[in-house]
Amino acid sequence: MVEDSDTALVDAWRGGDREAGKRLFSRHYAAIARFFRNKVGEAGPDLIQRTFLACLEGRERFRHEAAFRSYLFSIAYKMLCKHYREVRRAEARVDFEADSAHQLSSPISAVAARQEQRLLLEGLRRLPVDYQVVLELHYWEGITAAELAEVLSIPVGTAKTRLRRGRELLEERLRELSTSAVLLRSTLANLDAWAAQLRVQVLGSADE
């Protein structure tokens, strides 16, 4: 029986074990679905499929010094950027450090039950894409700055800066969007908790 670690499954998959590949995809499917959920709406299923297809086609390029999930998220990020460029076409250049998912995609209905959760989802969507990506990966997947550097192909110091600046920008967006001082205080005071609840209650669990 193949060892259950991602690295062992990748090795077995490269060696022709299709079941090992299926186990990898099953393990990471929910996380990739979450990655696209608050960024592209209806285009999500197609981008999930493209991500795993690209992983399948490029599995020989995976380096063991990088975590498999970082490798997979890096593919998802490239697919997201490609999608946004296709949406814009020749209209204008996409600046991922300035343009937001709110500007680049169709509206996404927030299915969260709590006002704080809906506010947080919309606040994240109004961040520049690169900041939304780092915060959502940090909040929902527990991705570290070092892993973010792998995902986005940036220095670790830059990843740390984006996390810090992203948090500042998110608080600014929440202040702009909030309909009441009470709602704003509740959201800001428990930001990590609301983000964790969103992962489980709204966006789905990545557990097998």
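Tutor: Start with phenylalanine 36. Leaving aside its neighbours within four places in sequence, phenylalanine 36 is in contact with Gly41, Gly44, Leu47, Ile48, Thr51, Ala76, Met79 and Leu80. Keep in mind that this is a predicted model.

Phe36 also has a place in the largest nonpolar core, which holds 63 residues. Phe35, Phe36 and Leu170 touch the most other members of that core. Helix α4, residues 68-88, gives the core its largest share, with eleven residues.

Now step back to the whole chain. The protein chain has eleven helices and zero strands. Among contacts with a separation of 6 or more, 64% link residues 24 or more positions apart.

Back to our part. Helix α2 covers residues 18-40. Look at its start. There, a side-chain oxygen of aspartate 17 reaches to within 3.1 Å of the backbone nitrogen of glutamate 19. Lysine 22 and glutamate 19 are three residues apart in helix α2, so about one helical turn separates them. Glutamate 19 is partly exposed, at 48% relative accessibility.

Move along to the bend. Helix α2 has a kink of about 45°, centred on histidine 28. The side chain of histidine 28 also makes a polar contact of 3.0 Å with the side chain of aspartate 6. Aspartate 6 lies in another helix, α1, residues 6-14. Not counting residues up to four places away in sequence, aspartate 6 touches Leu24, Arg27, His28, Phe68 and Arg69. Asp4, Asp6, Arg23 and Arg27 are linked in a network of salt bridges.

Next comes arginine 34, also in helix α2. Is arginine 34 buried or exposed? Its relative accessible area is 1%, so arginine 34 is buried. The side chain of arginine 34 has a polar partner, glutamate 141, with a polar contact of 2.7 Å joining the two side chains.

Then the helix ends. Just after α2, glycine 41 takes a positive phi of about 65°. Glycine 41 is one of the residues in contact with phenylalanine 36, which brings us back to where we began.

For comparison, look beyond α2. The count of salt bridges comes to 19. One of them joins the side chains of arginine 50 and aspartate 46 at 2.9 Å, N to O. These two are four residues apart in helix α3, residues 44-57, so about one helical turn separates them. Arginine 50 is partly exposed, with a relative accessible area of 28%. Aspartate 46 is partly exposed too, at 36%. Another salt bridge joins the side chains of arginine 165 and glutamate 172 at 3.8 Å, N to O. Arginine 165 counts as partly exposed at 32% relative accessibility, and glutamate 172 counts as partly exposed at 35%.

Definitions and conventions: Residues are numbered from 1 along each chain as its sequence is written. This is a predicted model: local features need pLDDT of at least 70, side-chain atom pairs count only at pLDDT 80 or more; totals for chains, interfaces and linings use all residues. Side-chain values use heavy atoms; hydrogens and water are left out. A nonpolar core is a set of buried Ala, Val, Leu, Ile, Met, Phe, Trp, Tyr and Cys residues joined through side-chain atoms within 4.5 Å. Buried means under 20% relative accessible area, exposed over 50%, partly exposed in between (1.4 Å probe, protein chains only). Contact means heavy atoms within 4.5 Å. A polar contact is a pair of N or O atoms within 3.5 Å; within protein, one must be able to donate a hydrogen and the other to accept it, and residues adjacent in sequence count only if both atoms are side-chain atoms. The bend at a residue is the angle between axes fitted to the seven residues ending there and the seven starting there. A salt bridge is a side-chain nitrogen of Lys or Arg within 4 Å of a carboxyl oxygen of Asp or Glu.
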